[in-house]
Amino acid sequence: MGVETTNNDHGYTQKEDDEVARQKAIDDWLPITSSRNAKWWYSAFHNVTAMVGAGVLSLPYAMSELGWGPGVAVLILSWVITLYTLWQMVEMHEMVPGKRFDRYHELGQHAFGEKLGLYIVVPQQLIVEVGVCIVYMVTGGKSLKKFHDIVCSTCKPIKQTYFIMIFASVHFVLSHLPNFNSISGVSLAAAVMSLSYSTIAWTAAVDKGVQPDVQYGYKASSKVGTVFNFFSALGDVAFAYAGHNVVLEIQATIPSTPEKPSKGPMWRGVIVAYIVVALCYFPVALIGYWIYGNSISDNILITLEKPVWLIAMANMFVVVHVIGSYQIYAMPVFDMIETVLVKKLNFRPTMILRFFVRNIYVAFTMFVGITFPFFGGLLGFFGGFAFAPTTYFLPCVMWLAIYKPKKFGLSWWANWICIVFGVILMIVSPIGGMRQIIIQAKDYKFYN
């Protein structure tokens, strides 16, 4: 689906000229390539919104399954590795002079060839992006329900299904914003929220003080249980650092000239984003675990019941943040669907087409979210399959394929370490996730 750019010299027939003009018109209409006037701070908050998922709230729980030593090591290692692979992607965005790889799969096609590149990247990217959208449907619905239950504890309980529908109603409106720049306001709000609720989570924990009966051992009664939980927690951490699927698409919105390539401002934004990520992740994970030990629930906001107004507010912040994240992950999917419809199936690029495509997508994610609300377990499962590759080692494999660094040199070692770490994650986290799904699904009734 990559677009070949042609230098429009006079050697072209009228027909070819028209074709070039038509492609350009389509590019100007597609969500990712339509506006290229973003500032560097746009990339900062788009990256924060994409990266800091509601996954941050389950980090203390992941810590309790990993233990102090491995937990801290995995958190820091993931932070460093994903920052490195992100840098690689930012560098590779414009490594061919005069051409920009605006989408993850275009870079894949450059590294692995036209056909193979598509087959390697697109399925993984779609699993991640659609998966995240579905998870955020559930997360948004759950947080709204928690907000309702906290604020109005005497009310008649409303089913989670309805809350997911309420949450989806926002997206039936927002998903019609045409491109990344037009959602930058939503994204900025989301980025601010993620910092806010992370801060609420750990400051409220510090305020509670270390619990008198705190224990830091592993919870599972059996050796096997401990190992499986450990695997599953690795998947949770991998999911927490999964902003790479939209990084090229975010960079595509930044203007670029040969003198001032887009990687400068993009990299500045990424650094800011990663500092914010560290400020969100490390305090929540470490302080949450330190205060509650292994009695923490898989969402730290549930463990912190009081003060009521603060936790209600934090849940509302989660909702606002998840609204922004959903949009950021949905945008590349819209781009893919619209590209196929307009370029391959020759639909006319109109508002009506966009209206149908996007509403159907939102409805689809809502329906799946309502049907399988234990999607969090599915995440550990999918997380391993798709998050680990796209975040931890696919960029490294592309780097090795394209730049062919000297064997046993620094770059070569760095890439292979990431690849090994990523492959291990890819193998073990689905195993842990699968077991959790089986445990949760056996007492589950559809649409209850």
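Modeller: This is a predicted model. Let us begin with the second largest cavity, whose volume is about 30 Å³.

Biologist: Which residues line the second largest cavity?

Modeller: A lining residue is one with an atom within 4 Å of a cavity point. Here the lining consists of Asn-47, Met-51, Leu-86, Val-270, Ala-273, Tyr-274 and Val-277.

Biologist: Which element gives the largest share of that lining?

Modeller: α11 does, with four residues. Both α2 and α11 (263-292) supply at least two residues each.

Biologist: How does the lining of the second largest cavity divide by class?

Modeller: Six of its residues are nonpolar and one is polar, with no charged residues.

Biologist: How many cavities of 30 Å³ or more does a search of the whole structure find?

Modeller: Two. The largest cavity holds about 50 Å³ of space.

Biologist: Which elements give two or more residues to the lining of the largest cavity?

Modeller: They are α2 (40-51), α6 (114-151) and α9 (223-240). Residue by residue, the lining is made up of Ala-50, Met-51, Gly-53, Gly-55, Val-132, Tyr-136, Phe-239, Ala-240, Ala-242, Tyr-281 and Tyr-329.

Biologist: And how many residues of the lining of the largest cavity are nonpolar, polar or charged?

Modeller: Nine are nonpolar, two are polar and none is charged. Gly counts as polar in this scheme, and Gly-53 and Gly-55 are in the lining.

Biologist: Where do the two linings meet in the sequence?

Modeller: At Met-51, which lines both the largest cavity and the second largest cavity.

How values were computed. Residues numbered from 1 in each chain as written. Predicted model: local features only at pLDDT ≥ 70, side-chain atom pairs only at ≥ 80, totals over all residues. Heavy atoms only, no water. 1 Å grid on protein atoms, 1.4 Å probe; cavity = no way out; pocket = protein on both sides within 12 Å on 5 of 7 lines; lining within 4 Å. Points joined across faces, edges and corners; volume = space filled by probe spheres on them.
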